[in-house]
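The following exercises are meant for a reader who is new to this structure. Each task is followed by a solution in steps.

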Amino acid sequence: MANPLPAELSPIGRALPHESAFDHVTGRACYTDDQAVRLRGLLHAWPVQSPHAHARIRRIGREEALAQPGVVDLLTGADVPGRNDTSSGTFDEPLLPVQEVFFHGQPVAWVLGESREAARRGAATVPVEYEPMKSLVDLEEAIEAQSWLCGPFRLARGDFPSAWKASPLRAQGSLSVGGQEHFYLETQAALAWEDANGGLIVQSSTQHPSEVQEIIARVLGIPRNLVSVECPRMGGAFGGKEVQGAPYAAIAALGCRRTGRPVRVQLPRVLDMVLTGKRHPFLGKFQVGFTPEGNLLALKVDLYADGGWSLDLSAGVLWRALLHLDNAYWIPAIEAVGFVCRTHKTSQTAFRGFGGPQGVALIEEILTRIAQALDLPPSLVRKRNLYRTGQTTPYGQEVREAQSMRALWDMLHKQACYVEREQEIVKDNQADPHRKRGLAITPVKFGISFTRACLNQAGASVLLYRDGSVQVHHGGTEMGQGLQTKIRQIAAFSLGLPIESIRVMTTRTDQIPNTSPTAASSGCDLNGAAVAEACQRLLERLRPLAAELLTCPAALVRFWDGQVFSEEEMTRTLPFVQLVEEAHLRCIPLFSQGFYRTPGLSFDLETGHGHPFAYFAIGAAVSEVEVDGFTGEYRIRAVDILHDVGRSVNPLIDRGQVEGGFFQGLGWITCEELVWDREGRLRTANASTYKLPSWSELPPRFEVRFFSGSSESSAIGGSKAVGEPPLLLALSVREALKAAIAAFGPGSVDLGFPATPEQVYWAIQRVRRRSAPGRSTPQACSAAGSPP
């Protein structure tokens, strides 16, 4: 993507607004469900839901629903003409269960009606006979029953038993990490209608149009070339539409195929929360050996993920959690084992971070417990354990960013006036017995790439018209993250055109086939590189003609701002549109394709070793909180973030991703609590019972800065991925809360996850009870030879 012209004039690196920002705020932006009004004869779908978390299906009646006014059809598993499966290759997710239901609210049938209300009324009349079966709802119940979806997965380095035995100090414990609802603004939606040639056109709110195409073809028993899937844009996704949009698109397609009429599936908020998967809850059990200075020596982890009723993407989520157990820290000897557990709940799925946040949360918990056991500042213990140059991860990949991570840490420490604020907080806490403040700094080192190697590829197509305007097609999807804006900038830069000349088209499987999901923070890395290659191929065709017209060597031809000129005679220019017209007259093709795959990736699932990531995105955050000892309520006083985005394609977009990612992580850590009852019903299924972070959580000072001293990135233009890593920076808030709670009394802090005010209150009470007269502080760690 080289273009040796003034950087200040380049579209790359400019803080341009989101290309759809105006449409978003004026209501002109069209989403999947907005297209429904254009379809004549549209049918609406509504599910018939199971009232049991686990049960056998004895009978599903049809006649009662079909007799209702406005009801057109009833879809059951018996009506699937192809394979009744919507999984990503594990074949454990029936579109419509025939024999057994696996979670409360699971659809056993869908009613198609002339209106949504007619379909809903019809669904209420469908008689279904069940035989209830034993269900497992809690993760610990599933562990005890050894109810596994997959595992064990193993990750190891060094000799843990010997390192553990030789460790002068030891500790053990556990951490339960809660799940999280995606709560995208646009709920799951799909539309399906037949084209003029017997094929199907499906609009789907999905991060993975090619998988939606594959599953529709599988369910209907037809070849994929009869199915075209389009994703116009999404109103948020966060991983929740990577695979879980496919069943709703398949229902729409099945209904359309049976009735010959367009079909709409659009879930209201409550249904979306009841039917769709969440971030995986985790349980981590650990044993850690360390030195009196707080340096890690040995770590053993048993990691359990709550996968829900089917495998979904849980194997990949667990692997990424294992691969991020180290976060930014050197662990000489480690032994980690992971299982995905089957419970009778929604099938948990991808969520921003994809298991990485759960793994990082555990190592941060461990380091804080070590610091509290040694009566050392947690920030000091963290810094002592940061990676150093030349060290490798537990899976054998060199951490090339180690020096940059230390420089970033020191810079943020200084920018945030950490030492001065820490001293001030100590004084204030001593003066106030009922209100305490806490300060913490945490880093993030997040691997960028899909851990499934074949997904690290992308294709693009660039169409150049005779008037000099350009259409760009690629396999990435827009969900509000600004991918199309960055692609537009990359194409404009690569072709040397004004950004107004570039139009990025919606994602369609009949334009770019066999695409990867837009996920793993790699949307711009992959698709941007493919677009740049397609643009370069176009210029390679045009350059000899330009050289002829400019009477200069082809190597000296430059394209910039819609003009073509020789590097040696920049005042003599040829309008780009004139060059394009001449190329057309000489029969030079004005379209090209590009393809990119991330080089150098490898990972052996059997040995748990390899080079799974192209690079690591790094950052750090300092958070300060204040806690009320009477109620457990708290407020965030300040957040300082320093994050490495490399040479940003668009600093404005990247800043929004850092801010938004942090706040989504803040919700997961502090207030977003999922509650299922003993019958497996989700009790937090709407905005009144599920608390999202809001403006009230915004601290008075929220500073985001970009780190400029990083190691070189191999990604497009030297940029670095920014979608997922900032979410993990919110762990600094959790660690600050623990610091504030520790100010109420001695010993380690046991804080629930999420750290709701209730959890903070009970954590304070436990600390206060330990410090009461006559109560001894429990031993947090033991010397070698003593039981921990």
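A salt bridge is counted where a side-chain nitrogen of Lys or Arg lies within 4 Å of a carboxyl oxygen of Asp or Glu. The model is predicted.

**Exercise 1. Determine which residues form the salt bridge between domain 1 and domain 3, and how the pair meets the cut-off.**

Step 1. The interface of domain 1 and domain 3 holds one salt bridge by the rule.

Step 2. The side chains that meet in a salt bridge are those of K486 and D654, with N to O at 2.6 Å. The cut-off for such a pair is 4 Å.

Step 3. Domain 1 covers 7–28 + 457–597, and domain 3 covers 425–452 + 609–788. In general terms, side chains of opposite charge can pair when their charged atoms come close.

**Exercise 2. Describe the contact between domain 1 and domain 3: how many residues does each side give, and what area is buried?**

Step 1. Begin with the separation: the C-alpha centres of the two domains, domain 1 and domain 3, are 40 Å apart. To their contact, domain 1 contributes 25 residues and domain 3 contributes 20 residues.

Step 2. About 1600 Å² is buried between domain 1 and domain 3, and carbon and sulfur atoms give 63% of that area. On the side of domain 1, the residues that lose the most area to domain 3 are K486, S521 and D525, which together make up 35% of what that side buries.

Step 3. Polar contacts come next: seven residue pairs are counted between domain 1 and domain 3, with both residues at pLDDT 80 or more. Two elements, α14 (483–495) and α15 (523–550), each give two or more residues to the side of domain 1 that touches domain 3. The largest share of that side, six residues, belongs to α15.

Step 4. Sorted by class, the side of domain 1 that touches domain 3 consists of 13 nonpolar, nine polar and three charged residues.

**Exercise 3. Compare the radius of gyration of the protein with that of a compact globule.**

Step 1. The secondary structure comprises 19 helices and 30 strands. Along the principal axes, the C-alpha atoms fill a box of roughly 95 × 80 × 50 Å.

Step 2. A compact globule of 788 residues would have a radius of gyration near 28 Å, and the protein has 28 Å, so the two agree.

How values were computed. Residues numbered from 1 in each chain as written. Predicted model: local features only at pLDDT ≥ 70, side-chain atom pairs only at ≥ 80, totals over all residues. Heavy atoms only, no water. Domains from an automatic or database assignment. Contact = heavy atoms within 4.5 Å. Buried area = accessible area lost by both parts, 1.4 Å probe. Polar contact = N/O pair within 3.5 Å; in protein donor to acceptor, adjacent residues only side chain to side chain. Helix = DSSP H or I, 4+ residues; strand = E, 2+ residues; numbered from the N terminus. Nonpolar A, V, L, I, M, F, W, Y, C, P; charged D, E, K, R; others polar. Rg over C-alpha atoms; globule rule 2.2 N^0.38 Å.
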